[in-house]
Amino acid sequence: MDSGTTTRLITVGATLGGVVPTLLTNTFVESRELKATQRVEAQKRATDQATWLRDERVKAYNQVELFGADEPRRRGKELWRPPAVA
């Protein structure tokens, strides 16, 4: 091999030696950012669901206060009354 080819091979090797770790590092960093974004989105969904559930409970409690606690209990007993045995 002549010196020009050797120089080019050394240059290519050095370039790849710098590019490959950079690509690996970028991939790792992007992966972590994606996971962090997914965690934030999951937390937001959980918060939204908890808020919705709390609002539904408040509505249900308000209805119990409006109709009285005994009325829903009586209706529930009527609905789930076992059939009469003949």
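Colleague: Before we start, what do accessible areas come from here?
Modeller: Accessible areas come from the Shrake-Rupley method with a 1.4 Å probe. Keep in mind that this is a predicted model.

Colleague: How many helices and strands does the chain have?
Modeller: There are 2 helices and 0 strands. Helix α1 covers residues 3-67.

Colleague: Switching to charges: how many salt bridges turn up in the whole structure?
Modeller: The search finds 3. In general, side chains of opposite charge can pair when their charged atoms come close.

Colleague: Let's go through them. Which side chain does D48 meet in a salt bridge?
Modeller: D48 meets K44, at 3.4 Å from N to O. The two residues are 4 apart in helix α1, so about one helical turn separates them.

Colleague: What about K59, which residue does its side chain meet?
Modeller: That would be E56, in a salt bridge of 3.3 Å, N to O. K59 and E56 both sit in helix α1, 3 residues apart, which is about one turn of the helix.

Colleague: How accessible are those two, starting with K59?
Modeller: K59 counts as partly exposed at 48% relative accessibility. E56 is partly exposed too, with a relative accessible area of 31%.

Colleague: And D55, what does its side chain meet in a salt bridge?
Modeller: R54, with 3.6 Å between N and O. D55 is partly exposed, at a relative accessible area of 35%, and R54 also counts as partly exposed, at 47% relative accessibility.

Colleague: New topic. Which residues make the nonpolar surface patch?
Modeller: V12, L16, V20 and L24 make it, and the patch is about 370 Å².

Colleague: Where is L16 found?
Modeller: L16 is in helix α1.

Conventions: Residues numbered from 1 in each chain as written. Predicted model: local features only at pLDDT ≥ 70, side-chain atom pairs only at ≥ 80, totals over all residues. Heavy atoms only, no water. Salt bridge = Lys/Arg side-chain N within 4 Å of Asp/Glu carboxyl O. Buried < 20%, exposed > 50% of the residue type's maximum accessible area, 1.4 Å probe, protein only. Patch = residues over 30% accessible without salt bridge, like charges linked within 9 Å, V, L, I, M, F, W, Y side chains within 5 Å.
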